[in-house]
Structure formats: structure tokens, C-alpha cells
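Notebook open, model loaded. I want to jot down what I look up as I go.

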Amino acid sequence: MSTISKSTVEHVAVLCSLTLSEKEKERLESMLSETVDFIGVLEELDTNSVPETYQVIGTTNVFQKSDRVSVSLDRKEALSNAAKIKNGKFVTGAVFDR
Amino acid sequence: MGLNELTIRQATEGLKKRDFTSRELVEECLNHIEKIDPQIKAFITVTTDYALEAANRADSLISSEGEKAFNKKPLLGIPYASKDNFCTKGIRTTAGSKILEDFVPPYESTVTKKLEEAGSVLVGKTNMDAFAHGSSTEESDFFTTKNPWDLQRVPGGSSGGSAAAVISDMCIFAIGSETGGSIRGPASWCGVTGLKPTYGRVSRYGLIAMASSTDSPGPITKNAEDAALVLSVLAGKDPLDATSSPNDVKDFTALSKESLNGLRIGKPKSYFDLDIQLDVRKKMEDFLEFLESQGAEIIDLDLMDPKYSIAVYTILQRSEVSSNLARFDGIRFGRDRDNFNFENKKRMMLGAYTLSSGYYEAYYARAQKVRTLIIRDFEEAFSKVDILVGPSMPCVAPELGESKDQPMFGEMMDVLTEPSTIAGLCGITVPVGLSGQGLPVGAQIISDRFDEKIILDIARYYQESTSFHQGRPSV
């Protein structure tokens, strides 16, 4: 039995906002299972008292201060790659009927 | 020798002496692209008009200011190619993906901005695996770049277009980006020099993100001396990238190594115990012998098995990918999400899975803890040795199609580069000869964070005594 079931594939596809074909679901079920089995190798290591590292060069709490550089796009630039524009604004799909 | 075959140093000397103009230099590169790129397919976009105008501007500056013009603009008039994931204002930037096929950025990446300010001339944007998800360019949504040494083989990836463009002299240097092995891999398989700087050394602003905690832009060049020149231009704190480092930028171009006496070189046993192709192993032995003959001491080291690094990388990179690609909604820019290729979908899916409720602790959090163990392992190593040396890739460039249906292909190819990238270290690959089939083999030199100087010096020292970096395929 594979580690990742078809229903898990379908659930994660919703989380990723992806539409998958039946064939893609099948391939993902086996390929993701293979990868998840592989990454299980980390269970061999004792990590109980080990802190996590999210940032490898130790930079923390960086804020823009006096060296603030203002980068901004004007409306025309911001809209220049939009699929649909109306009245100088982006047109989006409805979100409440999802 | 064509002008397009010159290194940065040689081209700059020629421009200073007025042996030729930037326009002539750029035209030779553009002509060469027109002649051989239909076979190699390194470029997604060639920026002919833009390049000729920039070359004219460089020439005017050289005629009005003479050699002084190069003090402020160290790369003045030098043609380069950029991987197509660096945003270039007004120039189409695709990241190798159909989603961004028509995307024209309204802003400029810090890397390309700094290169422009240094006077260099963009001749084109190079092919890559879509969103850098691959190690061969076969995951590009447009076409596969061919390895100039053998057109039936891959150039490596994801910066495969940049590496192929440099070895076939379609530009003087190129820019790539590395997340797991995307500079060192293709540079090794194409027989050029590739530098992956320390994480944070070079700004990521305007680089289309793959995995934000490891993405590192860097140069792909004809030799280490050029890599140092380009790094000196690119390095430094950028207020637009909060993760860029405030550490001092050294003068990477000043050569300080006259011999390798006293240099302690770590040879990680776990790297050499891997299934390394015989030809690669042989060239590595020659490389180590050379370093030893110059006074260096080779010290056998026990480093963690790279399988743990691959697992950590797989989890972190996929998780960050799932987050970074969430922004592609087809509303503000780009096409809708149906345009992601299968590889993109697969990576996002795994990332969303490892981040999702119930699995976060088991996968993502545990991977970040093992990352700490890997960093500690390297720190201990660097208390005993100055640098680490190993093969860049476990084999020479594979044939086209070999990666098909291998979900872990990239990880297996990048097994020797991923440990250092997840720890944020810097590394450089240099060509160390050809295999029996006539394909380039690369050796990598790795050092601790922010110590690019030592690996550049050693690579340069090696290249001053050998000529492997001067080898060219007969395209």
C-alpha cells in the first residue's frame, strides 16, 4: 500500500489550489509516496534537544530604518501584467462562491 | 581568437587599450548566438537592440573618460547573459515557465541592476527548468538546452542555459542562481567555473523565488579570476532584501595565495564513499594530488551521510516552493495555475503535505532541527580544516531523457552540493579534466560562510597552473 493515498492527493491539491487530471493523480500518488518514504530517513536521528534553524546566517529582526529605500510602482506599472483590468483596478474572480 | 572567446579580464584590457570597441565585442557575441544557439538552445530571449544601445553608451563613456571610466564601472562594455529568473525591467522574464511567458517585469532585480551600474551589457536571458525545479533544463516549459560537449546530453540545471552559453562563448560571463546545486551542477557538466556564494552574500531582490532560505545568486564564468570580479560587483547588503548580509565585502579580486603551504584540506569520507563514476573519481584523485604537491595537507574527515541533507533539502525546498508559488494567481501577473508543469505541481504538493496539519512536526520542524545538526557538523569540520574538497557531481552529464520518471533525480545528482547549500556555505566548482568520453568533470571547493576569498584564491591558483578551464567543445 502506498504511503500517500489518492484521497490525500486530492486533499493536498485543494490546499494548493491545483486542478489535477486522473492521470496526474495516479502519478502523484506513487511519486509522492516514494519521496515521503525517502524523507523518513530523518527519523534515524535524535533531534529531541536540537533547536530549529530557519535562517542560516543568523540575521534576525531586520527592519528598514534610515537606509529606507522607497520602491514603489505607479498604477500603470502595477497593472501592466494584469490579465483583466477595469476602471484602473485588477479584476478578480468571486471568492464567496468557492 | 574571436572577441567572444575572451575572459572578462582580457576583454577589459582590450577595451582599455582601444584594441576593439564594446560594440564590436557585443556584436561578436550576438553573431555567435545567432550562429550556434539554434543547436544549443541556451537562450529564451536575446536582447539584441538593448545590448547594442548599451554597448554604444559604454563606448561613448570610454572615449570621453578613457581608462578612468573603468574605476567606477569595473565591467564596462562586457556582454553577459542572465538566467531568466532575474527580473529585468521592460525585458520579458519567464523563469522558464509558461505561466510567465508574457511577463514583463515593471522593476529590476538588484543583481541585474548592479551589473548594469557596473557597465556590463545584457545580451540575453537564459533557459532554465521552470521555476528552477530541475537539474537538467528538461523541465523548462520552452525547450531543453543541449550540452555543447555532446548535443545528446543535458547541460545540467537549473542554470543550464547560463552554463552552456559560457562554455560555447556566446557571452563573456553569465549569472545563475543556486538553491541546491543549480550553479555548481551545470557549471561542472559544461566545464566552466561556477561560484555559489554564501547565502545572503548577494541580494535576492527581484530573483523569482524557489526556496527563499537557500536561494543564492552567483556567477558562471570562464575562470575563477572572473568569478571574483563579478562577485565583487554583486556582493553586499541590499536594503531591499532583509536577508542579505551586512558583513563586510572583501576585495575578492586580490590574489593572496602564492603557495598552498599550510593549507588544510578536508576530504569527507562520506562524499567519496558514494557511488561516484570511475572517471570522476580518477580526476578527483589527480586534483587532490596536485593540491598536495603544492604544499596542502589532505585530512580525511567524517561528515554526516549526505542522505540526511537530501531529505532535509527535499522537505524544506518543497515547503518553501509551495508557499512561494501560492502567489501565482493569474490576477496581478502571469497566467492561471493550470499552466504549472507537472514537476512544479509535484513539488508544491509535497511541500503542502509536509507543512499541513498533523505532518508539520514530523517533517518540516524535524528537517529544520536536522539542518542545525548539519550546520554543527560543518562547524566542527572547519575547526580542523580550512576548506573541503569533493566532486561537484557524482557523474558526468547524463543523456537527454535519463531523468524521466525519477522523482528524486535532482536530489541524487545534487547529493554533493545540497549539504553545503542547506548550511548556507559557499562553494566553487572548477573543471579538472575530461572523462574518457570527452565530457567535463568538475571538482568543488567548499568553505565556511563568508569565506569566498579562500576558495576563489585556491581555484585561481589551480587554474594558473593548469589549463582544464581553457578546454572548449567543438560546436
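Burial first, since I need the term: I call a residue buried if 20 or more other C-beta atoms lie within 10 Å of its own, exposed if 12 or fewer, and partly exposed in between, with C-beta atoms placed from the backbone. Housekeeping: this is a predicted model, where local features need pLDDT of at least 70, side-chain atom pairs count only at pLDDT 80 or more, and totals for chains, interfaces and linings use all residues. Residues are numbered from 1 along each chain as its sequence is written, while chains are lettered from A and ligands numbered from 1 in the order in which they are written.

What do they pack against?

**Entry: strand β7 of chain B**

Next I checked pairing (two strands pair if DSSP finds at least two bridges between them). β7(B), residues 264–268, runs parallel with β8(B), residues 297–301, over five bridges. β7(B) also pairs with β9(B) in the parallel sense, over two bridges. B:Gly266 has a partner in each: B:Ile299 in β8(B) and B:Leu388 in β9(B).

Chain A reads α-α-α-β-β along the sequence. Its radius of gyration is 22 Å, well over the 13 Å that the globule rule gives for 98 residues, so I note chain A as more spread out than a compact globule. (The radius is taken over C-alpha atoms; the rule is 2.2 Å times the number of residues to the power 0.38.) Of the 98 residues of chain A, 13% count as buried.

I then looked at the interface: 43 residues of chain A are in contact with 49 of chain B, contact being C-beta atoms, placed from the backbone, within 7 Å. Which element gives the largest share of chain A's side? I get α2(A), with eight residues.

Note on methods. Helix = DSSP H or I, 4+ residues; strand = E, 2+ residues; numbered from the N terminus. Contact = placed C-beta atoms within 7 Å.
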